[in-house]
Amino acid sequence: MPEILDGRVLSKKLNKALKVRVASWPRPPGLAVILVGRDPASEVYVHRKGVVAGRIGFLHRQIDLPSDVSEQELLDVVHGLNQDDAIDGILVQLPLPKHLDSLAVMAAIDPAKDVDGFTAASAGCLAQGRPHLVPCTPKGVMVLLEEAGVALSGKHAVVIGRSNIVGRPMAQLLEQANCTVTVCHSRTQDVEEHVRRADIVVAAVGRPEFVRGDWVKPGAVVIDVGINRLEDGRLVGDVHTAEASEVASAITPVPGGVGPMTIAMLMANTALASAHRQGLDG
Ligand code: NAP
C-alpha cells in the first residue's frame, strides 16, 4: 500500500503552530473574503475559510455581495479593503458571475494583500523565481511533498493542467525545486505516455478519475488536486485512487489531501502578509 499523504493531519498541525505564532503579535492578522452571489460550493469554501481563520485567532471579515453587483461596486469594496489597516489579506472567491471581469477585479487587489497569489505582481514574482505570496493550492502541494520527505531534485514531474490557479504555478514551483517538468493540457497528445515517465504526477484537470492506474509508473508519487462531485453524490479526484494506489509509492486522498492544505496555505499567506505589514519577520 502507498503512503497516504494526509492533508487533514498536516494542515491541523500547521494551523495549530500558526495560532501559537501569531498569538504574541501586536495585532492579529486580518483576512477579508468577498463572496459574490450564492453559489453553494463557493459558500461552503468561504464558510470553511472563515471557521479556520477564526480558530487560529485571525480577524475575519466576510463580505457578501449580491450576484448582480456591478463591477464598480465590487471594485469599490476591494479598494476600501486595500485602505483598511486591520486587513492584511483580501480574497475574492472565484468563480465570479459572468458579467464581472475576474482579471480586472484581481488587478485591483493591493499586491501586498494578495493572499491568493493571483495578481499579475504575485505571478510575476513567482515566474522570476522570487516567490512571495504563492497560490495556495500549489504551495500546499509543495508543503505536503516536503513533509513526506519526497526528494524532488532531478526528478521528472508531470503536471496535468495549466491554469493560473493551480497547474502553471505548480509547474513553476516544481521546476524551482529542480524537477524536470512536463506540463500537459487539453491539446497534449498522449497524456498517458507523459504520465508513464513521471516520478511525480500532479493531476489538476477537473475530470473525475482521469488518470488511470496503468498510467502510473511503479513507485511514483501521485498528487490529486481534483475535486469532482459525481451524480451519485460521491466526491472523487482527477485520479482513479484505487487503481493508482496499486502502484504509487505515495498518494493524496480525495477528500482530505490537497483540499485542507489549500486552506492552511491561505492562513500561512495571510500571516506572511500581516508580518510584512506589521514589520515583523514572520
Ligand atoms: P481549470 O482552470 O478548468 O483547468 C483545467 C486544466 O486541465 C486546463 O489547463 C486544461 O487544459 C486541462 N485539461 C482539461 N482537459 C484535459 C485533458 N483531457 N487532458 C489534459 N489536460 C486537460 O481547473 P483548475 O482551476 O486548475 O482546477 C483543476 C481541478 O482542481 C478541478 O477539479 C478543481 O476543482 C480542483 N481544485 C482543487 C483545489 C483544492 O484545494 N484541492 C483548488 C483548486 C482547484 P487547457 O488549458 O488546454 O484548457
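Helix 10 (residues 258–277) contributes three residues to the shell around the ligand, the most of any element. Helices (H or I, at least four residues) and strands (E, at least two) are DSSP runs, numbered from the N terminus. The model is predicted: local features need pLDDT of at least 70, side-chain atom pairs count only at pLDDT 80 or more, and totals for chains, interfaces and linings use all residues. Residues are numbered from 1 along each chain as its sequence is written, and side-chain values use heavy atoms, with hydrogens and water left out.

The ligand is surrounded by 22 residues, each with a heavy atom within 4 Å of it. Arg162, Ser163, Ser186, Val225 and Thr262 are the closest. The shell holds nine nonpolar, 10 polar and three charged residues. Here Asp, Glu, Lys and Arg count as charged; Ala, Val, Leu, Ile, Met, Phe, Trp, Tyr, Cys and Pro as nonpolar; and the others, Gly among them, as polar.

A side-chain N or O atom of Thr262 lies 2.7 Å from a ligand oxygen. For Arg162, a polar side-chain atom is 2.8 Å from an oxygen atom of the ligand. His185 uses its backbone: an N or O atom there is 3.4 Å from a ligand nitrogen. On its own the ligand has 930 Å² of accessible area, of which the protein covers 71% (Shrake-Rupley method, 1.4 Å probe).

Strand 2 (residues 30–36) and strand 4 run parallel, joined by four bridges; pairing requires at least two DSSP bridges. Ile34 stands opposite Val92 of strand 4. From strand 4 (residues 89–92), Ile90 and Val92 point one way, Gly89 and Leu91 the other. All four are buried (under 20% relative accessible area, 1.4 Å probe, protein chains only).

How values were computed
A polar contact is a pair of N or O atoms within 3.5 Å; within protein, one must be able to donate a hydrogen and the other to accept it, and residues adjacent in sequence count only if both atoms are side-chain atoms. Buried means under 20% relative accessible area, exposed over 50%, partly exposed in between (1.4 Å probe, protein chains only).
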